[in-house]
Amino acid sequence: MQLFLVSSLCKVFLDERPLPDLPADGLSCLWGETLSVQAAWSDPGGAFRTDVRLEVDTPFPGTVRLRQVRHVPVRFPALPDADEGYLRTTPGLYPDILAEAPGIWNAWAGLWETAWIDLTPERGAAPGIYPVTVLLTGMDGARLAEARTQVRVVPAALPEQTLIHTRWLHCDSLCHAYGVDMFSERFFDIAERFIALAVKRGINAVLTPTHTPPLDTAVGGERMTCQLVGIEERDGDYTFDFSLLDRWIDMALRLGAKWFEIPHLFTQWGAEHAPKIMVRRDGRMVRRFGWETDAAGEEYAPFLCRYLGALTRHLDARGLRERTLFHISDEPSKAHLESYRRAHGIVADLLQGFTVIDALSDVAFYKEGLVRHPVAASNRIEPFLAEGVRGLWTYYCVGQYRDVSNQFIALPGARTRIMGAQLYKYDIAGFLHWGYNFYNTQYSRRAIDPYLITDGDGFAPAGDAFVVYPGPGGAPEESMRLMQFAEGLCDLRALRLLEALRGRAFAESALLEGAGAFTFSDYPPASGWLLAMRERVDRAIEEAVT
């Protein structure tokens, strides 16, 4: 029986022996931080499949959680001109899902099984080095293999995350995946579980559908109505009901969310039309605005004045002005500059004092004063950095597939985690990603099963559209990629702590040792550098606090 311990950044394929990448002296973590490692095993000389038991033996002062790494079908791992940093570019089964651990595990002849092990020290736990032994035994109790490492607990806690981090929760995907009605009691139960997990992994902003988000929708088509604000039209005037919105806000606050993100006020890729907005008129619900509505037409602007006036007053009454993010239109290109300018002119005064952000690739929108808080594409961020944008955000999606960090299943874990260190170096204020749980095809023409189709039916490399799976019982199942990005956020917070203890120059020095240029597109690709960097930071924190 062969058994290896590897880092959380390693992706163990069924048909490939992993290369152990854990440092000889183990890893470290701070109080309350989750440190993850993996155990991978195979039985080349045994039967095709053998039942075994897996045990973690450790005096570690905290919780130890076991999960099974499951593989998913990947048909579209990378775009044809992808760089050479992908693990594989061929279709196959790739490791991604972190499922609940089975009571009985399997050992395969010629295949590799993998367990994910989370270790989280209690706050105030005694500092020191703790051995961790992973044991494989037969069903008769006979010891088949063991592997060892150690974990050093640093007597300090990570500071609160200051980065604003949003990943869009798609409510229609929850309804399709679980067969529930929008905003039913069962829906809220499921949404609560998905938001709770998001907050646990550092996603502290929640897309709050006051109206149906005009995102990833075919021109002329529509997605399932998802509108928290009740609107009634009578004699040409509008009244607004915020009771359902308040229920959403109360839920998110209770779960620990810090920010509320209002959907875009105009359609994606150009701001040329109104989003779908449903209104009760003469006792029935009608689609009052949508693709047929000119964004700058005579009907929509007066409605926005009433809608945003009522909404912003309500948010102010709840004390949420400083914690609310608005959008105008998602990912406009330079060709849309004039239509975006018109949309901006309609709402600029109405949103005075609120934060307005939008995802961009062209710095012209910032330079012309149309977007004061740009969310720059990570592969196009240099012009924004050169402009010295204060409070700059960044994002990636399908277009950021060469050289820069991303969350595709076929990318190494280190390439997903590295974003945390990059966010620190460039003092980035926020990170946005469009797909926490997008389980649709391109343009949302139909729903899909993400366990079977990981590429949105061929429109994006596998893993671009989601980082959680719709698990059984309404509970999300995490991906390796969500955990790896969360580890990057812990790196960011550890660097913030070291900066508070020793100053910015010292923290940057600890980060950049052996890193070379270290930009968004030029950074050490190997997991070994990332793990060593974090060890340097942790040791410096330990020295400073003791």
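1. Axes are lines fitted to C-alpha atoms, for helices over the stretch in contact, and angles run from 0 to 180 degrees between N-to-C directions. Helices (H or I, at least four residues) and strands (E, at least two) are DSSP runs, numbered from the N terminus. This is a predicted model, in which local features need pLDDT of at least 70 and side-chain atom pairs count only at pLDDT 80 or more, while totals for chains, interfaces and linings use all residues. Residues are numbered from 1 along each chain as its sequence is written, and side-chain values use heavy atoms, with hydrogens and water left out.

2. Helix α2 (residues 185-200) and helix α3 (residues 243-255) have axes that come within 9 Å and cross at roughly 35°. On the side of α2, the contact (heavy atoms within 4.5 Å) involves residues including F187, F188 and I195, and on the side of α3 residues including W248, M251 and L255. The contact residues comprise 10 nonpolar, no polar and four charged, where Ala, Val, Leu, Ile, Met, Phe, Trp, Tyr, Cys and Pro count as nonpolar, Asp, Glu, Lys and Arg as charged, and the others, Gly among them, as polar.

3. An open sheet is formed by seven strands in the order β1-β3-β8-β5-β6-β24-β23, with antiparallel pairing; two strands pair if DSSP finds at least two bridges between them. At its edges lie β1 (2-7) and β23 (468-470), each of which pairs on one side only, and the twist from one strand to the next averages 35°.

4. Within this sheet, β5 (residues 62-74) and β8 (residues 113-121) are joined by seven bridges in the antiparallel sense, and L66 has I117 in β8 as its bridge partner.
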